[in-house]
Amino acid sequence: MNHANVLYHMVKADFLERVRRYSFLVTLAGALYLAYGVAAEKVVIVVGGHYRGQYNSAWIGMLMSTCCSVFLSLFGFYIVKNSIERDSGTRVGRILAATPMRKAFYTLAKTVSNFAVLACMVMVLMAAAVVMQWLRPEARPISLWQLWSPFMLIALPAMFVTASLAILFETLPVMRGGVGNIVYFFLWTFGLVAAAQKGLQDAAGMHILAVNIRQVLERINPGDVSNSSFSLTIGGDHATKTFLWNGIDWNPRAIAWRLIWVAAGAGIALIASVFFHRFDPAREHSSKMRRKYSADAEPALVSKPVRASLKTLSLAQIPLLGRSRFARMVASELALMLKGLHWWWYAVAGALLIAQFASPLTTSEGVLVAAWIWPVLLWSQMGCRESRHTTQSLIFSAARVTYHQLFAIWTAGFMVAILTGAGAGLHLLLSGDPQFAAWLAGALFIPSLALALGTWSGSSKFFEALYTLWWYIGPAHQSPGLDFMGTSSSSSSPLLYLALAAGTLLAACVARRRQVAYA
Amino acid sequence: MKLTIENVSKRYTPSSLALQNFTLELGSGILGLLGPNGAGKTTLMSMLATITRPTAGTIRWNGVDIGSDPNNLRSVLGYLPQDFGIYPNLNAVEFLEYLAAVKGLDAATARRRIDELLNLVNLTDVRKRPLGSFSGGMRQRVGIAQALLNDPKLLIVDEPTAGLDPEERVRFRNILSDLSGDRIVILSTHIVSDVEATATDIALISQGQLVAHAAPEALLPAVEGKVWEWIIPSSELQAAKNQYLISNTSRRSDGVHVRLLSSEPPKGTNAVAPTLEDAYLFCLSQCRAGVAA
């Protein structure tokens, strides 16, 4: 068997299957928007407090490749983390499992396929970088090596690590679902913080860039570097001073460091093969289900006498519910949302609720931040459960279900927000604090956002990624405008989030209207 | 009770016409919808189940256009799609309770009905097992149960016996026969014996068009005197396949018994009584020959 040929065809088939999907075009549009953000100076790198490099090939290449490696290593992970899941869902995996293909080969091929998708976006940004420098008269001529070497040696290795981590997370039973999505966000944050504060080598290449640029800056103007910061800023203050930077000195040591990350990616892919279930139906089930039941153990039905007949059924017209139907649907949606949760989930939610009640008003809002990240995996199922489990045809063929069921899901999500954040809410209400409006706006906004993203994307990943990021930047850091929970009076914007709640709920209705033929 | 399909067409892309000027009127009874893969059966079923809209034409339930009032049909509809999913963490009772709520059944009626239906589809013993641990056939039986939850007046079942073992297949056929009272049942399949056993009417679809609509026995005269049994050595089987439309072969001690359809039979053949499968194959071959001509 020619392994290179098999690898090529596996990667090619997987790559074509992905790039022919509508979602790929949306992602590509996102990558182009990122390029536009850089071109329009909405995304800038500021060094030493107030410096930026002149927009020559080296600086533009560094800036755009840093955007790639930082942002695509986060969002790219969520984009490609469905490679094995798709093979499982389409049953193609079972065909592959019946071939002599080795597990390590499969995980490596899937890693390369993930990498190909991410590299495609990097290449779009490489082309955009040329256009950007051509449009900017600040520093010419264009040097393709200086412009593209950061992409090749910084962004692409970072994408390879991202691609392999996506495969590893898919093979680990605990990390396969929403938990993995949340864990990756914190892993990504930790990686960047470790590089910035501890000076550790990171996959995104921030450390190697920061050290290199700072050395050049200190040589040019040793007395004027107010601090040693290196920050990638979105929409922040622009630098007031510029300096000439001619790119990274790609000496063998620097290149070796980047190649180590490629090797690390390959290592991660091989580790993933240890956990890969090879589409064994018994191992595809959750461990809880596996312990209790054998997957293919059909009960002894054949030996039983067939006694039941439709003649024993009352086939009289079954009365349908009127007004109370909505309440029953809400109860059903809430039960569905909470089904399968472990006891410890309730224990943590209960502990956070008690902490909100027990702590003083100022602290209870802090506890609320934790309380409203805890149910993220419940909210992320809203609006996409039907497409994830292909139950649309069963549900959407029922009478008067289009908006009834959608609002029943929303109400269930709202109830989860109210129940998990009740402590802080009651504190605010009883003390007559106007911050109660912000709390209520948050409780309305969260399920609305979840429902909108779920119905439009058909996946839980978008909400998990966006909500966690938003939660981290907004409520956790009390950033004005982004704090949807209103954790402090200075950062809360209740009216904005009430409007956003209404807007996102409307967006969910539009999405649902598109899903149902006769809405 | 009447379901009327008037000049219905469905176009997915400019070049792919899944259904073309399809017209059919149905009253109480079981309609067997027969056709080869890709004939347009599932597309028709999806439109009747209000899952997708026709590109042209109208579908009426008791005279009411489902485009203007889909809920009139949905409230009496039971639908078992060809491919459907389940919620793996729910057990059969919880899943059916959820769908009963979506369909608007009150809790007490739903519980009673679910008990009866689980007994009917032989899943009572495993009612508390998560659906994620169910085999394909067991999931299919859950699908059958959900389609019957609201006592449907129009029951649409798309490939319902796929994945069922022989005994469960017979059991399902019996359920369908018992159901054929004051309701319309549309059974889509390519397994002719399923239709033969249950259908009061047959609609034959090929390449998005209605080829025939008749009672099963009415399809047989068309193939009367055209079905033959021929005993040949196995070495001649391939040549026979190239020359004639063969509906069945079986190897026995005296050679291969070939069942073939032809207006002009080869020498040494015996005429045999036609079956519905022969009629089906004959109709399809005539249809293809017509298109080719």
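## A helix pair, and onward

Mentor: Start in chain A, where helix α20 (residues 422–430) packs on helix α21 (residues 435–457) at an angle of about 150°, the two axes being 8 Å apart. Keep in mind that you're looking at a predicted model. Roughly antiparallel is counted from angles over 145 degrees, and α20(A) and α21(A) therefore qualify as roughly antiparallel to each other. The crossing of α20(A) over α21(A) is left-handed. If you want to click on the residues that touch, α20(A) brings A424(A), G425(A), L428(A) and L429(A), while α21(A) brings Q435(A), F436(A) and W439(A). Sorted by class, this contact of α20(A) with α21(A) has five nonpolar residues, two polar ones and no charged ones.

It's handy to hold that pair up against another one in chain A. Helix α6 (residues 103–135) and helix α7 (residues 144–171) of chain A also pack at about 150°, with 8 Å between their axes. By the reasoning used above, α6(A) and α7(A) are therefore roughly antiparallel to each other too. What is the hand of the crossing where α6(A) passes α7(A)? For α6(A) and α7(A) the crossing is right-handed, whereas α20(A) passes α21(A) in a left-handed one. As for who sits in the contact of α6(A) with α7(A), you get 17 nonpolar, seven polar and one charged residues.

Now hop over to chain B. The domain assignment there gives domain 1 (3–215) and domain 2 (221–292). Taken over C-alpha atoms, the centres of domain 1 and domain 2 of chain B are 33 Å apart. Ten residues of domain 1 and seven residues of domain 2 of chain B take part in the contact. On the domain 1 side of chain B, at least two residues each come from α7 (192–198), β9 (201–206) and β10. The biggest share of that side is from α7(B), which gives three residues. By class, the domain 1 side of chain B facing domain 2 of chain B holds seven nonpolar, two polar and one charged residues.

Two of those elements, β9 and β10 of chain B, turn up again in an open six-strand sheet with mixed pairing, ordered β6-β7-β8-β3-β9-β10. Its edges are β6 (77–80) and β10 (209–214) of chain B, each pairing on one side only. On average, and with direction ignored, neighbouring strands of this sheet are turned by 15° against each other. Further in, strands β7 (residues 154–158) and β8 (residues 184–189) of chain B run parallel and are joined by five bridges. Helix α5 (residues 136–147) of chain B lies across β6 and β7 of chain B and runs at about 170° to β6(B).

Chain B has another open sheet to trace, with four strands in the order β12-β13-β11-β14 and antiparallel pairing. Here β12 (245–252) and β14 (270–271) of chain B have a single partner strand each, so one side of each is left without a neighbour in the sheet. The partner of β12(B) is β13 (residues 255–261) of chain B, held by seven bridges in an antiparallel run.

Technical notes
Residues numbered from 1 in each chain as written. Chains lettered and ligands numbered in written order. Predicted model: local features only at pLDDT ≥ 70, side-chain atom pairs only at ≥ 80, totals over all residues. Pairing = 2+ DSSP bridges. Axes fitted to C-alpha atoms, helices over the stretch in contact; angles between N-to-C directions. Contact = placed C-beta atoms within 7 Å. Domains from an automatic or database assignment. Nonpolar A, V, L, I, M, F, W, Y, C, P; charged D, E, K, R; others polar. Parallel < 35°, antiparallel > 145°, perpendicular 65-115°, else oblique. Left-handed = near helix turned anticlockwise from the far one by under 90°.
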